[in-house]
Amino acid sequence: MATHKLLLLPGDGIGPEVMAEVQRVIDWLNAQGIAKFETEQGLVGGSAYDAHKVSISEGDMAKATAADAVIFGAVGGPKWDNVPYEVRPEAGLLRLRKDLGLFANLRPAVCYPALAEASSLKRDVVEGLDIMIVRELTGGVYFGEPKTITDLGNGQKRAVDTQVYDTYEIERIGRVAFDLARKRRNKVTSMEKRNVMKSGVLWNEVMTQVHAREYKDVTLEHQLADSGGMNLVKAPKQFDVIVTDNLFGDMLSDIAAMLTGSLGMLPSASLGEVDAKTKKRRSLFEPVHGSAPDIAGRGLANPIAMISSFGMALRYSFDMGELADKVDAAIAAVLASGLRTADIKSEGTTAASTSQMGEAILKELQKLHA
Ligand SMILES: NC(=O)C1=CN([C@@H]2O[C@H](COP(=O)(O)OP(=O)(O)OC[C@H]3O[C@@H](n4cnc5c(N)ncnc54)[C@H](O)[C@@H]3O)[C@@H](O)[C@H]2O)C=CC1
Ligand SMILES: CC(C)CC(=O)C(=O)O
Ligand SMILES: [Mg+2]
């Protein structure tokens with residue numbers, strides 16, 4: 001059996017709490033001989049800053065580069081509000097994405113049947129929802145230069161962020177979206193703001209060309225990202241795959257999280273190019289949520305987004321689709337049994353802790369595997 005090297009980066013806030021529940025699953029898979037994961041731990045974000053005054057050390061970057069996959073918790077928090085911008089916790093995550101070339105961020109938003117009542121939207125709007133947001137992750141305004149704050153000398157400052165996209169970046173994320181759509185319901189909605197942004201004009205043009213050249217069998221539609229956001233809340237089941245840029249993808253996926261009940265439900269996979277020789281690609285798996293400082297350290301965090309992100313690692317990095325299906329089924333079964341963490345519970349019911357939820361999911365997984 002192949003050994004897979006994982007680098008675990010729990011990070012800050014609830015990151016270590018939810019990572020402990022993935023560790024539980026990994027330990028069981030190893031103990032049963034179902035898989036062979038060799039794990040290393042590293043520091044990222046505020047915890048790396050406290051130890052080394054950087055948001056990720058060169059040593060941990062080297063471990064991330066050498067790993068078959070990185071499993072990432074969350075970074076950030078008020079403790080580091082005043083550290084220099086270059087070494088703020090979030091910079092560690094941005095560096096991992098950029099240096100590992102993780103341009104494709106897959107953020108599935110699935111409304112589990114038992115949670116149709118947990119969404120802030122009406123049951124019939126979200127019941128059966130299964131959409132995939134494909135977010136471009138290494139370009140756009142998060143990385144474009146210049147990125148500055150200049151003192152204008154007249155009591156005013158000027159802040160500049162730059163949105164940059166080249167054709168090849170739009171083509172490759174487009175292909176990821178179209179390929180995924182072919183395995184789903186065969187529809188891609190591309191979202192940009194071509195009405196006000198040059199990058200939106202190019203995004204629209206390139207998506208249209210890639211579609212016409214290579215994916216005529218897939219339905220492509222274009223929506224402006226602002227009214228697209230409205231449609232995501234109004235009638236989300238019209239979407240199959242949504243492909244969009246780094247910033248819009250960040251925002252639209254947090255919105256989509258609430259269709260599923262909570263930000264604590266949404267996993268993600270960040271993937272690089274497939275290497276022509278090895279057929280492997282770099283990858284990082286993380287929940288969509290952040291470090292949730294408002295609930296950190298109290299055992300309140302929902303570990304489902306994190307466990308489900310590990311499920312995506314099984315599917316996208318280790319060719320263990322059947323096992324990933326079982327992880328999803330275990331989560332569905334636990335939710336169907338009525339167990340809820342605080343973020344998804346209904347009034348008058350008692351909330352389970354992070355570890356109670358993690359234990360219950362592992363128990364279901366064990367049953368499904370027996
Ligand atoms: N990938 C990452 O590491 C990310 C880091 N951040 C950072 O996290 C910090 C906090 O940011 P926020 O805007 O508050 O976003 P957040 O995602 O941390 O929290 C937003 C809200 O969702 C709740 N929430 C999030 N995850 C949850 C979970 N697993 N279970 C239950 N409730 C959950 C929180 O309690 C909070 O009320 C900031 O420093 C931010 O930069 C934000 C997003 C992503
Ligand atoms: C760098 C991250 C903190 C940005 C973010 O919110 C995300 O990727 O979801
Ligand atoms: Mg975000």
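**Close-up views of the predicted model**

**View 1. Strand β1 beside strand β2.** Thr 3 stands opposite Lys 36 in β2. Strand β1 (residues 3-11) runs parallel to β2, and 6 bridges join the two. Strands are DSSP runs of E of at least two residues and helices runs of H or I of at least four, numbered from the N terminus. This is a predicted model, in which local features need pLDDT of at least 70 and side-chain atom pairs count only at pLDDT 80 or more, while totals for chains, interfaces and linings use all residues. Residues are numbered from 1 along each chain as its sequence is written, and chains are lettered from A and ligands numbered from 1 in the order in which they are written.

**View 2. The open sheet.** The sheet holds 10 strands in the order β2-β1-β3-β12-β11-β4-β5-β10-β8-β9, with mixed pairing (two strands pair if DSSP finds at least two bridges between them).

**View 3. Helix α6 against helix α7.** The axes of α6 (residues 167-182) and α7 (residues 198-214) come within 9 Å and cross at roughly 50 degrees (axes are fitted to C-alpha atoms, for helices over the stretch in contact; angles run from 0 to 180 degrees between N-to-C directions). α6 is therefore oblique to α7 (under 35 degrees is roughly parallel, over 145 roughly antiparallel, 65 to 115 roughly perpendicular, the rest oblique). Residues of α6 including Gly 174 and Phe 178 meet residues of α7, among them Trp 203 and Val 206 (contact: C-beta atoms, placed from the backbone, within 7 Å).

View 4. Gly 76, Gly 264, His 289, Gly 290 and Asn 302 come nearest of the 22 residues around ligand 1 (C-beta atom, placed from the backbone, within 6 Å).

How values were computed. Contact = placed C-beta atoms within 7 Å.
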